[in-house]
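I opened my notebook to go through this model piece by piece. Please keep the viewer open beside these entries and follow along.

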Amino acid sequence: MKWAIPVAVLSVAGLVPVWLYSPGAAHEGEINEVAAPPAQEQQTVPPATTTAPKTTGSAPKTGGSTPQTQQAPQTQQQQQNRTVAGPAVNTSEGTVQVQVTLQGKKIVDVKALRAPNSDPTRMALPLLKQSALKAQSADIDTVSGATATSEGYKQSLQAALDGAK
Amino acid sequence: MAVRRVEHIMGLPISVDLRDGDAALAERAFAWLRAADAQFSPFKPDSEVSRLDRGELTRDELTPDLVEVLSLCDWYEQSTGGAFTARVPGRGLDPCAVVKGWAVQRAADMLRDGGCTSFCVNAGGDVVVSGEPEPGKPWRVGVRHPDLADRLSVVLGVRDGAVATSALYERGQHILDGRTGKPVSGILSVTVLSDDLAIADTTATAAFALGRDGIEWAAEQEGCEVFIVDEDRQVYSSPGLPVHIC
C-alpha cells in the first residue's frame with residue numbers, strides 16, 4: 001500500500017515532460033500552469049544543465065562543508081523554476097494529480113496535489129489475492145470456524161475429528 | 001503418549017490433541033481454562049470482570065492478567081475506531097472476545113512448556129498448533145466453508161501458529177458494529193493466521209466488526225495472514241497464506 005502513491009505519482013510525473021515537450025502552443029492550454037514565469041524570463045535564462053548543481057543533493061554529505069553549491073542553485077531556482085500542475089488522472093487507486101517543479105528542462109520536485117489516500121479500502125487491495133470461493137473436502141487434522149457452541153459441536157466436523165460420541 | 005480429550009469450558013467445546021504429551025499435562029491446561037472462565041466470565045457474578053463492572057474493584061486492584069486482557073481490548077477498540085469494543089453501550093463489560101483466544105493461547109503455552117512438542121488445541125473453532133503431527137507434515141487446518149457446514153473453503157498447512165475464524169453461518173445471527181450499534185454486513189467469514197491466538201482471534205473478530213473495511217484492516221495487521229470471504233463469495237487472501245495443497 002505504501003508504494004501505491006509513489007508509484008502512481010512517478011507514473012504521472014513521467015508523463016509531464018512528455019506533455020511539456022510536445023511541440024506547438026496548442027498543448028500549452030491543456031496544462032494548468034500554477035506559477036508560470038513570463039516567457040521572456042525563460043528565454044534569458046542560460047541552459048541550466050551544465051552549470052547548475054542538482055538541488056536534490058546527490059553529492060556526498062560532508063556536514064555543511066559545501067555551502068556554496070547549496071546556495072547557488074537556490075538563487076537560480078527563483079528565476080528559472082516553473083511549477084506545473086498536471087491534469088487529474090483517474091487511476092485504479094483513485095484520482096491522482098501531481099505538481100511538478102521544473103528547472104530548465106529538469107524536474108526538481110514532484111508534489112502530489114491529489115492522492116487517493118482518503119480511500120484506504122482501494123489502496124490496500126493489491127496486498128490481497130482475489131479468487132472465487134470454492135467448496136472442498138479434504139483430509140484434515142482440525143477445523144477453524146466461527147465460534148462453535150457446545151450445542152453446535154455435536155454435528156460439527158471437529159466433533160467427527162475428535163471421535164466424540 | 002498420545003492424548004485426546006474434549007471438555008466444554010466457557011460454553012465452548014475445547015479439544016486437545018497431544019501427540020507426545022500425557023494426561024496430566026492435558027489436565028493442567030484444562031484446569032487453567034476453567035480457572036480463566038471463573039476469573040473473566042461476565043456471566044459469573046463473582047468473577048473479577050463482574051466485580052470490576054459493578055465498581056467493587058478499582059483499576060489498581062486488578063490482577064495483572066485482567067489488566068493485560070483489558071489492554072488488548074483497548075488496543076483493538078482504538079485500532080478499529082470503536083467497531084470492536086468490550087463495552088457495548090447499555091451492556092456490561094464483556095471482554096470475552098479477547099479472553100477466549102488469550103486464555104487458549106496460554107493453555108497452549110503450558111503444553112509447550114510442559115514438554116509437549118506436537119499438539120493441536122481447538123477451542124470452538126479457534127486453533128493453536130505446535131510442531132508436526134507426523135514427521136515432515138504440517139498440521140492441516142481446514143477452514144469451514146461459510147455456506148456449507150460439512151465443506152471447507154481452504155486448508156492451511158501450519159507448523160507453529162494460531163488460526164482463528166470469525167463468521168456468520170446462519171441467518172438471524174448478528175454481530176454489531178460498535179461504532180453504529182447496527183449489524184455488520186459485507187463479510188461472511190474472516191480467518192486470521194498469526195503466531196498467537198490472542199492476536200489471531202481478536203484480529204478476526206475486530207475485522208468482522210469492521211465489515212468491508214475489515215478486509216484491508218486485517219491484511220495490514222502485523223504478523224497476520226488472512227483469508228476473507230465477502231458477501232459476493234469473493235475470497236481475499238494474503239499472498240503469504242500457507243495454503244495446503246491436498
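Which exposed residues does the face of helix 1 of chain B turned away from its buried side carry? I found B:Ala23, B:Ala24, B:Ala31 and B:Ala35 there.

**Ground rules**

I am working with a predicted model, where local features need pLDDT of at least 70, side-chain atom pairs count only at pLDDT 80 or more, and totals for chains, interfaces and linings use all residues. Residues are numbered from 1 along each chain as its sequence is written, while chains are lettered from A and ligands numbered from 1 in the order in which they are written.

**Helix 1 of chain B**

I call a residue buried if 20 or more other C-beta atoms lie within 10 Å of its own, exposed if 12 or fewer, and partly exposed in between, with C-beta atoms placed from the backbone. Helices (H or I, at least four residues) and strands (E, at least two) are DSSP runs, numbered from the N terminus.

On the buried side of helix 1 of chain B I listed B:Leu25, B:Ala26, B:Ala29, B:Leu33, B:Ala36 and B:Phe40. They cover an arc of only 105° around the axis, which puts them on the same side of the helix; the arc is that of the directions from the helix axis to the C-beta atoms. Their cover includes strand 1, strand 2, helix 2, helix 3 and helix 4 of chain B.

I then checked the length. The 18 residues of helix 1 of chain B should span 26 Å at 1.5 Å a residue, and the end C-alpha atoms are 26 Å apart, which agrees. The expected span is 1.5 Å times one less than the number of residues.

Helix 1 (residues 23-40) of chain B lies across strand 1 and strand 2 of chain B, at about 15° to strand 1. For such angles, axes are lines fitted to C-alpha atoms, for helices over the stretch in contact, and the values run from 0 to 180 degrees between N-to-C directions. Helix 5 (residues 197-209) of chain B also packs on the sheet, where it touches strand 4, strand 7 and strand 8 of chain B. The direction of helix 5 makes about 160° with that of strand 8 of chain B.

**Helix 3 of chain B**

Helix 3 (residues 64-79) of chain B has 16 residues and reaches 22 Å between its first and last C-alpha, close to the 22 Å expected. I marked B:Leu66, B:Val69, B:Leu72, B:Cys73 and B:Tyr76 as buried in helix 3. Those buried residues fall within an arc of 120° down the axis, so they line one face of helix 3. On the face turned away, I noted B:Pro64, B:Val67, B:Ser71 and B:Gln78 as exposed. The buried residues of helix 3 pack against helix 1, helix 2, helix 4 and helix 5 of chain B. Just after helix 3, B:Gly81 takes a positive phi of about 65°.

**The sheet**

Strands pair if DSSP finds at least two bridges between them. I traced an open, antiparallel sheet of nine strands in the order 6(A)-10(B)-9(B)-8(B)-7(B)-4(B)-3(B)-2(B)-1(B). Its edges are strand 6 (129-132) of chain A and strand 1 (3-9) of chain B, each of which pairs on one side only. Strand 1 of chain B joins strand 2 (residues 12-18) of chain B through seven antiparallel bridges.

**Strand 4 of chain B**

How many residues of strand 4 of chain B are buried? I counted five of the five, so strand 4 is largely enclosed by the rest of the structure. B:Asp126, B:Val128 and B:Ser130 are on one side, with B:Val127 and B:Val129 on the other.

Strand 3 (residues 119-123) of chain B meets strand 4 through five antiparallel bridges. The two form a hairpin with two residues between them, and B:Gly124 in the turn has a positive phi of about 55°. On strand 7 of chain B, B:Gly161 stands opposite B:Val129.

Contacts (C-beta atoms, placed from the backbone, within 7 Å) of B:Ser130, leaving aside neighbours within four places in sequence, include B:Ala108, B:Phe119 and B:Asp160. The C-alpha atoms of B:Ser130 and B:Cys120 are separated by 6.5 Å.

Definitions and conventions
Two residues are in contact if their C-beta atoms, placed from the backbone, lie within 7 Å.
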